[in-house]
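This report walks through selected parts of one structure. Please keep the sequence and the 3D view at hand.

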Amino acid sequence: MRIFSGIQPTGRKHLGNYIGAIRQYVEGQDRGEAIYCIVDLHAISVPYEPVELRDHVYDTAAILLAAGLDPDRCILFRQSDVREHTELTWLLSAVTSHGDLNRMTQFKEKSARQRELASAALFFYPVLQVADVLAYRAGDVPVGEDQRQHVELMREIARRFNERFGELLVEPEVRVPEVGARIMDLQEPTAKMSTTGGSEQGTVLVLDEPDVVRKKVMSAVTDSGSDVVRAPDKPGISNLIEILSVVRGVGTQEVEREFAGSGYGDFKRAVADAVVHYVAPVRERYAGLRGDEAGLERTLAAGAERARAIASATVAEVREAMGIGASGS
Ligand code: AQP
């Protein structure tokens with residue numbers, strides 16, 4: 001089984017990213033051939049600083065390695081180092097419907113937030129995402145719930161390509177965790193925890209100091225009543241139950257049973273302790289890894305070489321099938 005996923009180089013990875021995606025990346029190394037990409041080309045679809053972008057690629061690489069990615073057991077690389085992704089994007093755009101891109105919820109949300117320029121890149125990046133995955137003929141894409149629609153698009157485009165040009169591409173399956181696929185903002189528990197859209201106080205960063213994590217969890221917005229149970233009218237408590245369930249590795253019902261009859265205060269303290277315990281090792285390992293930029297660059301470059309070997313073979317076959325370039329080139 002080949003596994004592929006991409007992650008933005010924001011440098012500010014939060015608990016939602018960790019629980020929804022990064023945790024699955026680490027597990028993926030035991031399940032199959034795991035390939036992970038830091039998507040710097042996606043990051044330019046919204047306003048950004050060039051110098052910071054380079055740094056944020058290293059920040060993100062160091063977080064992933066600190067979380068448990070092992071370059072001997074997975075391929076970790078920077079998207080822009082493998083230029084086949086951009087070529088394949090263009091080739092696949094020929095079988096992508098404009099209407100499908102128009103329906104992408106993330107585009108609608110993110111373009112509405114742009115004050116100066118809603119770039120064409122923002123509209124088009126789902127196709128780059130499709131190319132990221134199809135270039136590796138990956139069968140399994142671990143992501144959070146917010147990416148489900150983009151993986152559907154991958155399947156649609158692979159299907160359309162195969163019908164038109166022959167069975168070359170693989171329709172990938174989405175892998176969304178059963179619990180924790182959509183971690184909510186602690187201050188606004190009806191909105192997802194997010195890098196760009198959420199509240200500062202409601203977003204727990206993987207690299208936050210323990211006392212900051214504690215403060216954010218203790219000041220999480222809870223709901224009326226005092227029962228620690230999941231319910232549609234209790235988004236705040238439901239979110240904390242999911243978080244505790246994942247970080248302790250137990251079922252949500254077990255969490256509910258344990259805290260039946262306790263107040264919100266005791267429950268939040270338990271969540272805060274568990275989250276601190278969960279992310280602290282990552283923060284501790286991060287410092288050493290991030291300090292060695294040359295080492296990170298070597299890891300990414302070696303990953304890119306291995307990735308390119310796979311992606312270039314796919315692109316060559318796609319070109320051949322589509323009649324692009326001299327035959328056999
Ligand atoms: N709240 C979340 N709960 C669970 N999973 C989540 N993911 C994102 N938010 C949540 C998953 O994290 C992976 C990486 O996301 P990304 O590359 O899009 O990184 P990002 O842009 O920093 O993440 P955000 O917070 O989603 O940013 P905004 O909101 O600014 O776009 C993906 O697999 C994603 O599903």
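## Buried elements and the ligand shell

Helix 4 has these buried residues: Glu84, His85, Leu88, Thr89, Leu91, Leu92 and Ser93. Buried means under 20% relative accessible area, exposed over 50%, partly exposed in between (1.4 Å probe, protein chains only). Helices (H or I, at least four residues) and strands (E, at least two) are DSSP runs, numbered from the N terminus.

The model is predicted: local features need pLDDT of at least 70, side-chain atom pairs count only at pLDDT 80 or more, and totals for chains, interfaces and linings use all residues. Residues are numbered from 1 along each chain as its sequence is written, and side-chain values use heavy atoms, with hydrogens and water left out.

Helix 4 spans residues 84–93, and seven of its 10 residues are buried, so the rest of the structure largely encloses it. Its buried residues pack against strand 1 (2–7), strand 2, strand 3, helix 7 (120–134), helix 8 (148–165) and helix 13 (293–322).

Strand 3 (residues 74–78) is also largely enclosed, because five of its five residues are buried. Cys74, Leu76 and Arg78 lie on one side, Ile75 and Phe77 on the other, and both faces are covered. In a regular strand the side chains alternate between the two faces of the sheet. Strand 3 runs parallel to strand 2 (residues 33–38), and five bridges join them. Two strands pair if DSSP finds at least two bridges between them. Cys74 is the bridge partner of Ala34.

Ser45 sits in the loop between helix 2 (40–43) and helix 3 (50–67). Ser45 is buried, at 5% relative accessible area. A polar atom of its side chain is 2.7 Å from the backbone oxygen of His42. Beyond neighbours within four places in sequence, Ser45 contacts (heavy atoms within 4.5 Å) Ser119, Ala121, Leu122 and Tyr125.

Now the ligand. The shell around the ligand has 23 residues; the closest are Asp146, Lys192, Ser194, Thr195 and Thr196. A shell residue has a heavy atom within 4 Å. Helix 1 (residues 15–31) gives the most, four residues. The table lists polar contacts, pairs of N or O atoms within 3.5 Å.

| Residue | Side-chain polar atom to ligand oxygen |
|---|---|
| Lys110 | 2.7 Å |
| Thr195 | 2.5 Å |

The protein covers 97% of the 650 Å² of accessible area that the ligand has on its own. Such areas come from the Shrake-Rupley method with a 1.4 Å probe.

Notes: Polar contact = N/O pair within 3.5 Å; in protein donor to acceptor, adjacent residues only side chain to side chain.
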